[in-house]
Amino acid sequence: MSQEKQVCDSNFHGEHSESLPIGTKGLPICRSARGSFSLVKEEVSLPCAVVRQSAIENNIEWMQAFANKNNVKLCPHGKTTMTPDLFKQQLDNGAWGITVASAAQAEIAVLAGAKQIIIANQVVGKVNMQIVVNLIQNHNVTVYSCVDSVANVEAWERVVSSAGVTVPLFIELGVEGGRCGCRTSDDVYKLAQAIHQAPHTELKGIELYEGVISGDNAEQDIREFLGLAISLLTELKQEYKLEEPIISGAGSAWYDVVAEEFSQLVDLVGVIRPGCYAIHDTGIYEDAQNLVQSRASINNGVACDLSGDLVSSLEVWAYVLSVPEKGKAVVGLGKRDVAFDAGLPIIERVIRDGKEVTLDGLTSTKVMDQHMFVEMEQDTLQVGDIVAMSTSHPCLTFDKWRYIGVVDEQDNVTHWIPTFF
């Protein structure tokens with residue numbers, strides 16, 4: 001039995017999946033479902049989250065081309081989707097590896113075929129460390145973990161000393177007021193020495209996250225932060241005779257600046273880790289990408305040399321449940337279905353009786369657990385209308401769904417891809 005079939009069967013909630021209406025969260029629908037199913041013709045249970053395959057392909061190809069032109073490795077952050085099908089598409093298109101946030105997520109990346117995995121976080125606890133050891137032992141993969149304290153290095157040594165493996169470690173460099181990471185150069189040197197002295201750990205580079213830096217001088221501060229990291233790793237390379245040490249950074253907002261700084265590296269390997277680009281959005285990441293393109297136009301950067309751009313691929317479809325008052329409609333989705341932390345869903349299209357209708361002046365104003373309120377300039381929405389919505393911050397929409405539909409240009413769900421949050 002294939003692994004995919006096992007996944008499908010383990011989520012089965014009925015005896016005859018093919019006789020059930022096509023649904024998502026609680027129904028046993030995945031790639032084994034035959035045929036395609038029309039959203040417009042109401043052949044799919046709503047609400048439903050879908051991604052457009054053409055947009056996914058465009059985004060994956062665009063970012064890989066960006067990385068290639070900047071001479072950096074691409075290791076996309078998988079926490080956005082936790083969807084092995086999308087990991088595999090990224091890897092097949094040239095990604096060097098997959099980034100994750102935890103040992104449990106690293107298992108999913110390995111099952112998707114990644115041979116290089118970066119855990120861009122501290123791994124703490126015996127079980128979590130043992131998961132990493134097991135992956136290294138059993139799957140012929142390299143799993144890089146971050147450390148920012150001698151105590152964490154000592155914990156790694158205790159776990160791996162009897163396992164017969166060496167764990168590759170990145171020193172995480174941080175900033176005051178930020179998240180994890182060493183705050184001073186002295187802390188980095190002390191940690192490097194501790195890793196070097198531990199028999200079963202190996203220093204492989206420096207990891208950082210520039211996205212915590214903000215303010216009017218953010219770009220300049222980020223470039224200085226990157227310069228410090230490069231300088232430190234160059235010194236460590238010489239001190240400990242490191243072979244091809246890695247420096248890794250870049251979230252989804254400043255990846256262009258990071259890639260530019262990494263593009264001129266000598267004897268260091270630059271790895272960028274943007275995560276949201278494959279899905280993109282019509283909110284915070286669209287704004288961030290606009291800034292990337294703006295910086296590129298000013299500085300003649302790589303982004304404006306590439307054809308096309310990132311496009312939003314994620315949609316959530318739902319019915320209008322009620323029009324209880326003049327100028328107000330209630331849509332059948334809410335906090336359980338869609339992200340709401342960085343802006344409410346935007347109604348992009350309305351489908352009525354199988355045909356798209358043009359309705360202006362529709363604004364989402366509030367979401368509850370299972371309801372979204374929409375203000376209308378005129379009484380245009382009707383009960384039973386289908387609304388297709390784009391979103392902001394795709395991470396928090398993906399983790400609400402056990403299956404995401406993949407749609408073609410005719411709004412047919414061709415197959416379902418499982419998520420593993």
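**Close-up views of a predicted model**

**View 1. Valine 406 counts as buried, with a relative accessibility of 3%.** Buried here means under 20% relative accessible area, with a 1.4 Å probe and protein chains only. Valine 406 is found in strand β18, residues 403–407; strands are DSSP runs of E with at least two residues, helices are runs of H or I with at least four, and both are numbered from the N terminus. Leaving aside residues up to four places away in sequence, valine 406 touches Val51, Gln53, Asn412, Val413, Thr414, His415 and Ile417, where contact means heavy atoms within 4.5 Å. A word on the model: it is predicted, so to speak of local features pLDDT must be at least 70, side-chain atom pairs count only at pLDDT 80 or more, and totals for chains, interfaces and linings use all residues. Residues are numbered from 1 along each chain as its sequence is written, and side-chain values use heavy atoms, with hydrogens and water left out.

**View 2. Here is helix α3, residues 84–92, with its buried residues.** These are Pro84, Asp85, Leu86, Phe87, Gln90 and Leu91. They pack against α2 (53–69), β4 (98–100), α4 (103–111), α11 (395–398) and β19 (412–418). After α3 comes glycine 94, with a positive phi near 120 degrees.

**View 3. Tryptophan 62 and phenylalanine 66 both lie in helix α2.** They are four residues apart, about one turn of the helix. Tryptophan 62 counts as buried at 4% relative accessibility, and phenylalanine 66 does too, at 2%. Ring pairs link Trp62, Phe66 and Tyr255 into a cluster; rings of Phe, Tyr and Trp (its six-membered ring) pair if their centres lie within 6.5 Å, and planes under 30 degrees apart count as stacked, over 60 as edge-to-face and the rest as tilted.

**View 4. The rings of tyrosine 144 and phenylalanine 170 are stacked, with centres 4.9 Å apart and planes at 10 degrees.** This pair links distant parts of the chain, 26 residues apart: tyrosine 144 belongs to strand β6 (residues 142–147) and phenylalanine 170 to strand β7 (residues 167–173). Both tyrosine 144 and phenylalanine 170 are buried.

**View 5. Two lysines lie over phenylalanine rings.** The charged end of lysine 328 is 4.4 Å from the ring centre of phenylalanine 373, while lysine 335 lies over the face of phenylalanine 340 at 5.3 Å from the ring centre. A charge sits over a ring if NZ of Lys or CZ of Arg is within 6 Å of the ring centre and within 35 degrees of the ring normal.

Definitions and conventions
Buried means under 20% relative accessible area, exposed over 50%, partly exposed in between (1.4 Å probe, protein chains only).
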